[in-house]
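Take a look at the chain before reading on. We will start with the whole and then move to its charged side chains.

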Amino acid sequence: MSQEQLYDFAVGLLAKRDYSSGEMHRNLSRQNSDDEIVDRVMERLLSHHYLDDVRLAEKEISKQLSKLYGVSRIKQELRQRGLDPLVIEQVLEDTDVDWFELCFKAKEKKFGDSQPQEQNEKAKMIRYLQYRGHSLSVILECIS
């Protein structure tokens, strides 16, 4: 695939959804094994601001927050999208979120506003909220 064809392929992918730089580099590398051409196409996409990892991270974080996910789950989802860990940390720091309130909403949505009466019920809540990405300290504060 020539450089122009590879660029057109990348723009076609970006027309469907946003990609992180990591995801796009992997996709382009599958299409063309010449790293020099892939790097030139990546530079061109970045210079035109077609790829913007910060914008993508902000968008994904707001999507994950609407699902009531905690910090660790959000980080995991963003790493799977191929985002740089430094970008993830920076965007999460800039995000104004009350993690306790988010955890409480997730607990309330699934279990209602009652407190756990038995140890089994408490363990079930803790497992569910940990799966959703909330930290144990926030969960224990939320449950008690």
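**From overall form to salt bridges**

Of the 144 residues of the protein, 38% are buried. Keep in mind that this is a predicted model.

The protein has 9 helices and 0 strands. Now consider its dimensions. The radius of gyration is 20 Å, whereas a compact globule of 144 residues would have one near 15 Å. Along the principal axes, the C-alpha atoms fill a box of roughly 65 × 25 × 25 Å. Contacts tell another part of the story. Among those between residues at least 6 apart in sequence, 61% join residues at least 24 apart.

Next comes the surface. The protein exposes about 8700 Å², and carbon and sulfur atoms supply 47% of that area.

Turn to charge. There are 22 positive and 26 negative side chains. The centres of these two sets lie 8 Å apart. How many salt bridges does a search of the whole structure find? The search finds 9.

One of them joins Asp 18 to Lys 59, at 3.0 Å from N to O. This pair links distant parts of the chain, 41 residues apart. Asp 18 sits in the loop between helix H1 and helix H2, and Lys 59 sits in helix H4. Asp 18 counts as partly exposed because its relative accessible area, 22%, falls between 20% and 50%.

Another salt bridge joins Arg 81 and Glu 60, with the closest N and O atoms 2.8 Å apart. Arg 81 lies in the loop between helix H5 and helix H6, while Glu 60 belongs to helix H4. Both Arg 81 and Glu 60 are buried. Salt bridges that share partners join Arg 17, Glu 23, Glu 60, Lys 63 and Arg 81 into one network.

Technical notes:
Residues numbered from 1 in each chain as written. Predicted model: local features only at pLDDT ≥ 70, side-chain atom pairs only at ≥ 80, totals over all residues. Heavy atoms only, no water. Helix = DSSP H or I, 4+ residues; strand = E, 2+ residues; numbered from the N terminus. Rg over C-alpha atoms; globule rule 2.2 N^0.38 Å. Buried < 20%, exposed > 50% of the residue type's maximum accessible area, 1.4 Å probe, protein only. Contact = heavy atoms within 4.5 Å. Areas by Shrake-Rupley, 256 points an atom, 1.4 Å probe, with all protein chains shown as cover. Lys, Arg positive; Asp, Glu negative; His and termini not counted. Charge placed at Lys NZ, Arg CZ, Asp CG, Glu CD. Salt bridge = Lys/Arg side-chain N within 4 Å of Asp/Glu carboxyl O.
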